[in-house]
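This report covers one protein chain, from its overall build down to a few selected residues. The sequence and the model come first.

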Amino acid sequence: MMADKNLPFLKTYLEEIIEKFPTPFHIYDEQAIRNNARRLTAAFSWAPEFKEYFAVKATPNPTLLAILREEGFGADCSSMAELLLAERAGIVGENIMLTSNDTPAVEFQKARELGAIINLDDITHIDYLEKNAGLPDIISFRYNPGPLLQGGNTIIGYPEEAKYGLTRDQLFEAYRIMRDKGIARFGLHTMVISNELNADSFVATANMIFDLAVEIHTKLGISLEFVNFGGGIGIPYKPEQQPVDLEYLGCEIQKAYEAKIKANGLDPLRIALECGRVITGPYGYLVAKVLHKKEIYKNYIGLDACMANLMRPALYGSYHHITVVGKEKLPLDHKYDVTGSLCENNDKFAIDRQLPKIDIGDIVVIHDAGAHGHAMGFNYNGKLRSAELLMRPDKSVKLIRRAETIDDYFATLDFSCPQSLAAASKTTN
Ligand SMILES: *Cc1c(COP(=O)(O)O)cnc(C)c1O
């Protein structure tokens, strides 16, 4: 099964939308997101109270969070704003997981107020949490397996180089401290991969964590309530890549669960994930228009979108598939760099990409922008954040975040024109 790079809409449909909402914008396919959420849930239906805590940072829009809540998902937050977004979307209590690092006191306080599950990133955070927010009755720790694990990947890097989590020794010490403080409910978390397409990497993570759960029980007498394998399931950005087979993943983790957790009498143990990318990534599209064509030493297509709308190509050199709407069937016989307008030479959505002949005014769709897309936006070069639209199951379109205006841009500036300058401009006019 290769990645599907067909669009869920036709050119005429986009043209109608663009009349009302000018490009650039992100558009999300609600039905596809719901179907995908149901598929993930079904793949883990064997697990006791399986829970996916959607990583809010991937697509921090409360409309999407509420859709995912309806599908039974919780929220994985790591900042004050993300906690508030989850709350606004009606996700509360232990349906929120605070997996943060370098966490300020107010965020622990807010998490406590919401009754969220706090996942501590460091052993020193026990004291910090107790002093600043008080201890909750359930606590989770993030484990960093260090060089034990083979093959990290290039976004998170190798665990021993990653800033996250507790070492193995610290982990046991941390559970012991909490147990001795009278805490009775525990979780264990790890996230060691990112944008990984090999399902067996997750199965390996699950095995490692199940072994650890058994060891924690043997050494400390603690029966964990849940384990959380983090996020990091990849998506096939390239047409020739294959998506992770979620059914296979669920099945293999079930086998490990039976061999390790059930066999050791630790069933039921809740399984949690906190994926972002695989949930919404393939179902969000960045829609832009061609403003300029430029032929110098290379051929350039200049869009009305830029890396402020989608930073991944510039940040990671990532591939994002591009469709020129209405030209899907034409031969890919032109080679272009597809650029934005930032005064940064890495503001390119594609380099040396084979595409059909492009004309000014063409509508260009950049695929797989539904996670870590709009979310990574910024205002560099005075670029304004674009709108987010939702394509409803009945194909109607809903604006779920308006585009920023120049007034938004100026809203945070505390500035008044000095008298002398104001006077000078008056006299010259
Ligand atoms: C970023 C992140 C996620 C989500 O990662 P995806 O690649 O979007 O699945 C989950 N958990 C934590 C702690 C993260 O930092």
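Where does Pro 24 lie? Pro 24 sits in the loop between α1 (11-20) and β1 (25-29). Here helices (H or I, at least four residues) and strands (E, at least two) are DSSP runs, numbered from the N terminus.

This is a predicted model, in which local features need pLDDT of at least 70, side-chain atom pairs count only at pLDDT 80 or more, and totals for chains, interfaces and linings use all residues. Residues are numbered from 1 along each chain as its sequence is written, and side-chain values use heavy atoms, with hydrogens and water left out.

## Overall build

The protein has 13 helices and 17 strands. Along the principal axes, its C-alpha atoms fill a box of roughly 75 × 60 × 40 Å.

Of the 429 residues, 53% are buried. Buried means under 20% relative accessible area, exposed means over 50%, and partly exposed is in between (1.4 Å probe, protein chains only). The protein exposes about 19,400 Å², and carbon and sulfur atoms supply 51% of this area. Accessible areas come from the Shrake-Rupley method with a 1.4 Å probe; for residues, only the protein chains shown count as cover.

Contact means heavy atoms within 4.5 Å. Among contacts in the protein with a separation of 6 or more, 69% are between residues 24 or more positions apart.

The protein carries 46 positive and 56 negative side chains, and the centres of the two sets lie 3 Å apart. Lys and Arg count as positive and Asp and Glu as negative, while His and the chain ends are not counted. The place of a charge is taken as NZ of Lys, CZ of Arg, CG of Asp or CD of Glu.

## Backbone details

The peptide bond between Thr 23 and Pro 24 is cis, with omega about -5 degrees. Another cis bond runs from Asp 267 to Pro 268, where omega is near 0 degrees. Pro 268 belongs to the loop between α9 (246-262) and β9 (270-273).

Two residues have a positive phi without being glycine. Asn 195 has phi near 50 degrees and is placed in the loop between β7 (185-190) and α8 (199-220). Asn 195 counts as partly exposed because its relative accessibility is 21%. Asp 368 has a phi of about 55 degrees and is placed in the loop between β15 (363-366) and β16 (387-391). With 4% relative accessibility, Asp 368 counts as buried.

Thr 280 is part of helix α10 (residues 277-280). Its relative accessibility is 0%, so Thr 280 counts as buried. Asn 119 lies in strand β5 (residues 117-120), and its relative accessible area of 1% makes Asn 119 buried.

Each has a side-chain polar contact, listed below. A polar contact is a pair of N or O atoms within 3.5 Å; within protein, one must be able to donate a hydrogen and the other to accept it, and residues adjacent in sequence count only if both atoms are side-chain atoms.

| Side chain | Partner side chain | Distance |
|---|---|---|
| Thr 280 | Thr 59 | 3.0 Å |
| Asn 119 | Ser 140 | 2.8 Å |

Not counting residues up to four places away in sequence, Thr 280 touches Ile 33, Phe 54, Thr 59, Leu 68, Gly 370 and Ala 371. With the neighbours within four places in sequence left aside, the contacts of Asn 119 include Met 97, Thr 99, Ser 140, Arg 142 and His 189.

## Two further buried residues

Phe 186 is in strand β7 and is buried, at 2% relative accessible area. Beyond four places in sequence, its contacts include Ile 138, Tyr 175, Met 178, Leu 224 and Phe 226.

Met 307 is in the loop between β11 (299-303) and α11 (312-316) and counts as buried at 10% relative accessibility. Leu 342 is 35 residues from Met 307 along the chain, and their C-alpha atoms are separated by 7.5 Å. Leu 342 is also among the contacts of Met 307 beyond four places in sequence, which include Asn 346, Phe 349 and Phe 378.
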